[in-house]
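Open the model in your viewer and keep the sequence panel beside it. The stops below say what to select next and what is there.

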Amino acid sequence: MTRLLRLLAALAVAAGLASVPPAASASAPAVGAHPARWTVAAKKVPTRAQWLADVKAAMQGFGPYVRQRVAAKSGDEELAVNFDIDNTVIATYYDGGGAIPRMRRFARMLDRLDVAVVFNSGRVATQQARTVSQLTRAGFPVTEVCLRPKGGALVVGKQRCRDHFADEGYTLIANVGNNDTDFVGDGYERAYRLPNYGVLG
Ligand SMILES: [Mg+2]
């Protein structure tokens with residue numbers, strides 16, 4: 001690339017006319033395996049830094065809310081927070097499967113406050129062991145992981161898992177996810193909606 005072209009490209013990025021694809025990040029996943037998918041997705045999503053800023057904004061007030069809710073809990077309540085997994089606690093798209101540090105800090109805070117950390121994912125149930133191990137390796141406290149039965153619809157699976165947690169006696173004080181399908185139905189007190197840009201699962 002000539003010096004002029006490089007300058008024009010930098011100006012376009014600075015002006016918001018073009019985005020730096022996440023592949024430019026040192027910690028981005030290997031992209032060779034799915035070049036077509038990556039090319040399509042990279043056009044639609046912002047930079048990793050922007051995504052992390054958007055995650056931070058979406059989680060604004062979560063800590064104070066939880067502390068307040070814990071302080072107000074009645075004696076027989078068992079509190080829990082329901083988390084989606086992919087692109088909600090695990091940086092599946094941007095980092096290829098590591099923790100989102102801010103979400104790990106929140107999960108550890110919940111653990112210290114005796115609030116159960118329950119995961120509710122559209123991953124199919126055959127991935128149970130792999131998923132628990134991934135979350136544990138990423139440093140999350142894991143009370144329980146509830147996955148979708150093979151062939152079951154996503155929204156049905158999500159509600160089924162929330163109902164299952166309720167049947168176990170948990171009150172879901174918050175539901176944290178990044179897709180509309182994470183929030184269809186009921187069984188939680190507050191929703192925290194992370195970005196998906198129409199692309200992230
Ligand atoms: Mg997700």
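A residue is called buried here when its relative accessible area is under 20%, exposed when it is over 50%, and partly exposed in between (1.4 Å probe, protein chains only). Helices (H or I, at least four residues) and strands (E, at least two) are DSSP runs, numbered from the N terminus. This is a predicted model, in which local features need pLDDT of at least 70 and side-chain atom pairs count only at pLDDT 80 or more, while totals for chains, interfaces and linings use all residues. Residues are numbered from 1 along each chain as its sequence is written, and side-chain values use heavy atoms, with hydrogens and water left out.

**Whole chain**

Begin with a cartoon view of the chain, which has 7 helices and 5 strands. Along the sequence they follow the pattern α-α-α-α-β-α-β-α-β-α-β-β. Of the 201 residues, 41% are buried. Among contacts (heavy atoms within 4.5 Å) with a separation of 6 or more, 66% are between residues 24 or more positions apart. A surface view shows about 10,400 Å² of accessible area, 56% of it belonging to carbon and sulfur atoms; the areas come from the Shrake-Rupley method with a 1.4 Å probe, and for residues only the protein chains shown count as cover.

**Helix α6**

Select residues 128–137, which form helix α6, and show the side chains of T131, Q134 and L135, which are buried. These residues lie on the same side of α6, because they cover an arc of only 95 degrees around the axis. The arc is that of the directions from the helix axis to the C-beta atoms. An α-helix has 3.6 residues a turn, so residues three or four places apart point the same way. Turn to the other side of α6 to find A129 and R137 exposed. After α6 comes G139, with a positive phi near 95 degrees.

Which residues of α4 are buried? Select F62, G63, Y65, V66 and R69, the buried residues of this helix. Their arc around the axis is only 165 degrees, which puts them on the same side of α4. P64, Q68 and A71 are exposed on the other side of α4. The buried residues of α4 pack against β1, α5, β4 (170–177) and β5 (191–193).

Next, show α4 (residues 62–71) together with α5 (residues 101–112): the two helices pack at an angle of about 10 degrees, with axes 11 Å apart. α4 is therefore roughly parallel to α5. Axes are lines fitted to C-alpha atoms, for helices over the stretch in contact, and angles run from 0 to 180 degrees between N-to-C directions. Angles under 35 degrees count as roughly parallel, over 145 as roughly antiparallel, 65 to 115 as roughly perpendicular and the rest as oblique. To see the contact itself, select F62, G63, V66 and R67 in α4, which meet F106, M109 and L110 in α5. By class, this contact of α4 with α5 holds 5 nonpolar, 1 polar and 1 charged residues. Ala, Val, Leu, Ile, Met, Phe, Trp, Tyr, Cys and Pro count as nonpolar, Asp, Glu, Lys and Arg as charged, and the others, Gly among them, as polar.

**The loop between β1 and α5**

Move to T88, in the loop between β1 (78–83) and α5. T88 is buried, at a relative accessible area of 0%. Leaving aside neighbours within four places in sequence, T88 is in contact with I100, M103, V176, G177, N178 and L194.

N87 lies in the loop between β1 and α5 and counts as buried at 4% relative accessibility. Its phi is near 65 degrees, a positive value in a residue other than glycine.

Y93 also lies in the loop between β1 and α5 and is buried, with a relative accessible area of 3%. Draw a C-alpha to C-alpha distance from Y93 to R48: it reads 9.5 Å, for residues 45 apart in sequence.

**Two last stops**

Phi of D114 is positive, near 70 degrees, in a residue other than glycine.

Finish at V155 in helix α7 (residues 154–167), which is partly exposed at a relative accessible area of 27%. V155 touches T181 and V184, not counting residues up to four places away in sequence. The C-alpha atoms of V155 and F183 are separated by 8.2 Å, and the two residues are 28 apart along the chain.
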